[in-house]
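Q: I'm new to this one and would like to learn how to read it. Could you walk me through it feature by feature?

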Amino acid sequence: MTKELTCICCPMGCRLSIELDDGTGDILSVTGNTCKRGHDYGISELTAPVRMVTTTVRTPEGVSIPVKTKEPVPKDKIFECMEDIKKAVVHTPVHTGDIIVENAAGTDIPVIATRSL
């Protein structure tokens, strides 16, 4: 069986073909990538997909602060991560890199401010 994906690691957007063993589902090969990141992305996307989460948090003062996860979180934890971010209360001043949520969705991945305010 073959899965087709578009790599999102860089602007090249390589079309990946991932060959899977019909019986076990194991990955046999990844082709179409022009770099190692594409190869790694193809494997990761089929075995344990992850995404960066970016959004904003409103302060009680009515100001929005842009935030993101410090690392990609498992794709199945995105909505839980957003719930944790939604509960966050942030007061200014905030500096780039400040931790807004310590442990988003139980992943041990912090959510950080991406801009100072």
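Predicted model: local features only at pLDDT ≥ 70, side-chain atom pairs only at ≥ 80, totals over all residues.

Q: Which residue does the side chain of K77 meet in a salt bridge?
A: That would be E80, with 3.7 Å from N to O. E80 sits in helix α2, and E80 is partly exposed, at 39% relative accessible area.

Q: How far is E80 from D98, in sequence and in space?
A: They are 18 residues apart in sequence and 21 Å apart in space, going from C-alpha to C-alpha.

Q: How many salt bridges are there?
A: The count comes to 4. One of them joins the side chains of D40 and K36, at 2.9 Å from N to O. These two are 4 residues apart in helix α1 (residues 36-47), so about one helical turn separates them. D40 is partly exposed at 35%, while K36 is exposed at 59%.

Q: What about R51: which partner does its side chain meet in a salt bridge?
A: R51 meets E45, at 2.8 Å from N to O. Here R51 is partly exposed, with 22% relative accessible area. E45 has 14%, and the cut-off for buried is under 20%, so E45 counts as buried.

Q: Now the strands. How do I read the side chains along strand β2?
A: The general idea is that side chains in a regular strand alternate between the two faces of the sheet. In β2 (residues 15-20), L16, I18 and L20 point to one face and are buried.

Q: What lies between β2 and β3?
A: The two form a hairpin, with 6 residues between them. In the turn, G25 has a positive phi of about 80 degrees.

Q: In what order do the 3 strands stand in the sheet?
A: The order is β1-β2-β3, in an open sheet with antiparallel pairing. β1 and β3 are at the edges with a single partner strand each, so one side of each has no neighbour in the sheet. On average, neighbouring strands here are turned by 20 degrees against each other, ignoring direction.

Q: Which residues of the largest nonpolar core touch the most other members?
A: Among its 17 residues, they are V67, C81, I85, I100, V101 and V111. The elements giving two or more residues to this core are β6, α2 (78-87), β8 (99-101) and β9 (111-113). There is also a second, separate core of 8 residues, including C7, C14, I18 and Y41.

Q: Last one: is T59 buried or exposed?
A: T59 is buried, with a relative accessible area of 6%. You'll find T59 in the loop between β5 (54-58) and β6 (64-69). Leaving aside neighbours within four places in sequence, T59 is in contact with I65, V90 and T92.

Notes:
Residues numbered from 1 in each chain as written. Heavy atoms only, no water. Buried < 20%, exposed > 50% of the residue type's maximum accessible area, 1.4 Å probe, protein only. Pairing = 2+ DSSP bridges. Axes fitted to C-alpha atoms, helices over the stretch in contact; angles between N-to-C directions. Contact = heavy atoms within 4.5 Å. Core = buried A, V, L, I, M, F, W, Y, C linked by side-chain atoms within 4.5 Å.
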